[in-house]
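Student: I would like to go through this model with you. Can we start with the charged pairs?

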Amino acid sequence: MKNLFSWAIHGDGKTLHPGEVVEPDERLTWGRTAGIGAQHVVAMFGATFLVPILTGFDPSTTLFFTAMSTALFLLINKNVLPSYLGSSFGFIAPITAVTTANKGLAVASFGIMVTGLLLALIGLLVHFAGSKWIDVVMPPVVNGAIVAIIGFNLAPSVWNNFQVAPDTALVTLVAVLVISVLFKGLLGRLNILLGVIVGYIYACFRGQVDFSAVNEAAWIGLPKFHLPQVDFSILPMFIPVVLVLIAENVGHVKSVAQMTGRDYDDKMGTALFADGLGTAIAGFGGGSGTTTYGENIGVMASTKVYSTAAYWFASGFALLLSLCPKFGAIINTIPAGVLGGVTTLLYGMIGMMGVRIWVDNHVNFDKSLNVMTAAIVMIIGIADFTFAIQGVQFNGIAIGTIAVLVAYHGLKAIGKATGTIEKDDPDIK
């Protein structure tokens with residue numbers, strides 16, 4: 001355990017020359033390392049807090065479990081894989097569906113917990129059996145489609161919030177867009193957080209913010225925990241999120257490997273297991289599900305500091321913030337108009353992540369199988385097809401996930417059996 005929490009000091013610990021890199025097992029001086037950790041908190045802050053705000057979960061509780069999940073992730077991966085685990089946007093759609101059905105957040109927590117446990121089991125399987133089977137079950141055309149509908153399925157909820165205060169929503173959206181091209185470096189990367197602040201200030205001047213809960217909140221106190229309520233009927237809405245979390249974690253591990261020049265293939269399983277365990281614990285205690293965060297990859301890319309010590313500071317700072325109820329109450333005052341503006345971009349970006357998977361993997365849409373399976377899942381997800389079987393409700397994401405898996409693999413098998421699809425076709429994975 002002593003070696004686990006020891007980092008070699010990089011150079012003199014104070015200066016970094018152009019192009020110089022701080023490795024995961026190195027650190028700068030503790031003060032500078034703490035500063036990098038604080039920067040990681042700022043980077044993940046906007047996205048992490050939007051999830052509980054949009055779903056009704058307590059922001060402080062969610063932040064508490066992101067801190068716990070990050071620490072757990074670092075421990076399980078033996079301090080060699082730098083990552084921050086923030087709130088996953090993959091859970092927004094199923095949580096919204098559950099709360100819209102008036103089943104309550106405790107039932108949604110059950111869905112989050114089960115999703116986490118399933119991801120943890122898959123992590124163990126990947127660790128001992130390898131990750132090749134993931135690529136077989138979820139080739140890029142399938143994976144991209146599932147990730148895409150997670151975002152596009154939320155379009156109606158965006159419009160509902162936007163209509164509450166169109167002027168505030170528009171100010172927020174324009175601010176987010178302009179900041180991204182107005183500033184370089186970290187400021188430009190924090191366009192969502194800064195855009196929300198601009199929209200919030202505008203909403204205050206418009207009298208759209210209610211501060212009564214802030215005045216009543218204490219400065220120091222524990223977050224609001226709650227236990228999950230068992231309801232198996234909601235699981236079809238949550239289980240597809242596992243596929244999104246797999247895609248996010250695998251992408252994260254590959255990105256960190258590329259940046260650091262290290263081989264993290266042996267950490268693929270433990271990364272999935274750690275995120276699954278963190279999500280399950282969050283679900284059990286009343287927090288939102290977690291995932292490895294691309295925002296923090298951006299910080300590492302810009303600073304060239306990959307030290308896991310910085311992530312321990314980030315986890316510690318997040319934990320301290322979660323113990324301030326007044327801070328959480330302020331976050332909860334963000335009005336619907338601001339949310340409508342920022343989610344116009346944010347949910348669209350989640351959807352475009354799926355499209356990016358297609359582009360990055362050169363999916364050939366000249367092939368009928370690829371374009372047909374992608375087409376049906378997009379319509380199912382965006383239109384939010386729903387039906388119930390014996391009281392079990394399936395929403396657009398669940399139906400779309402089942403449809404794309406069955407259609408792709410079923411049609412591929414038929415095509416190869418009849419000869420309409422060549423058995424060694426490189427565009428049909």
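Tutor: The structure holds six salt bridges. A salt bridge is a side-chain nitrogen of Lys or Arg within 4 Å of a carboxyl oxygen of Asp or Glu. This is a predicted model, where local features need pLDDT of at least 70, side-chain atom pairs count only at pLDDT 80 or more, and totals for chains, interfaces and linings use all residues. Residues are numbered from 1 along each chain as its sequence is written, and side-chain values use heavy atoms, without hydrogens and water.

Student: Which residue forms a salt bridge with Lys367?

Tutor: The closest N and O atoms of the pair are 3.2 Å apart. Lys367 sits in the loop between H18 and helix H19 (368-383), and its partner in the segment after helix H20 (396-418), so the bridge ties together parts 58 residues apart in sequence. Helices are DSSP runs of H or I, at least four residues, and strands are runs of E, at least two, numbered from the N terminus. The partner is Asp425.

Student: Is Asp425 buried or exposed?

Tutor: Buried means under 20% relative accessible area, exposed over 50%, partly exposed in between (1.4 Å probe, protein chains only). Lys367, at 28%, counts as partly exposed. Asp425 has 11% relative accessibility, so Asp425 is buried.

Student: How many residues apart are Asp25 and Arg262?

Tutor: Their side chains meet in a salt bridge, 3.3 Å from N to O. Asp25 is in the loop between strand E1 (8-9) and strand E2 (26-27), and Arg262 is in the loop between helix H13 (241-260) and helix H14 (268-285). The pair links distant parts of the chain, and the separation is 237 residues.

Student: Which residue is linked with Asp25 and Arg262 in a network of salt bridges?

Tutor: Asp25 is partly exposed at 39% relative accessible area. Arg262 is partly exposed as well, at 28%. The network also takes in Glu23.

Student: Where do Asp360 and Arg356 lie?

Tutor: They form a salt bridge, with the closest N and O atoms 3.3 Å apart. Asp360 is partly exposed at 47%, while Arg356 is exposed at 57%. They are four residues apart, about one helical turn, in helix H18 (residues 336-360).

Student: How many of the 18 residues of H2 are buried?

Tutor: Helix H2 covers residues 59-76, and its end C-alpha atoms are 26 Å apart. H2 is largely enclosed by the rest of the structure, because the buried residues number 14.

Methods:
Expected span 1.5 Å × (residues − 1).
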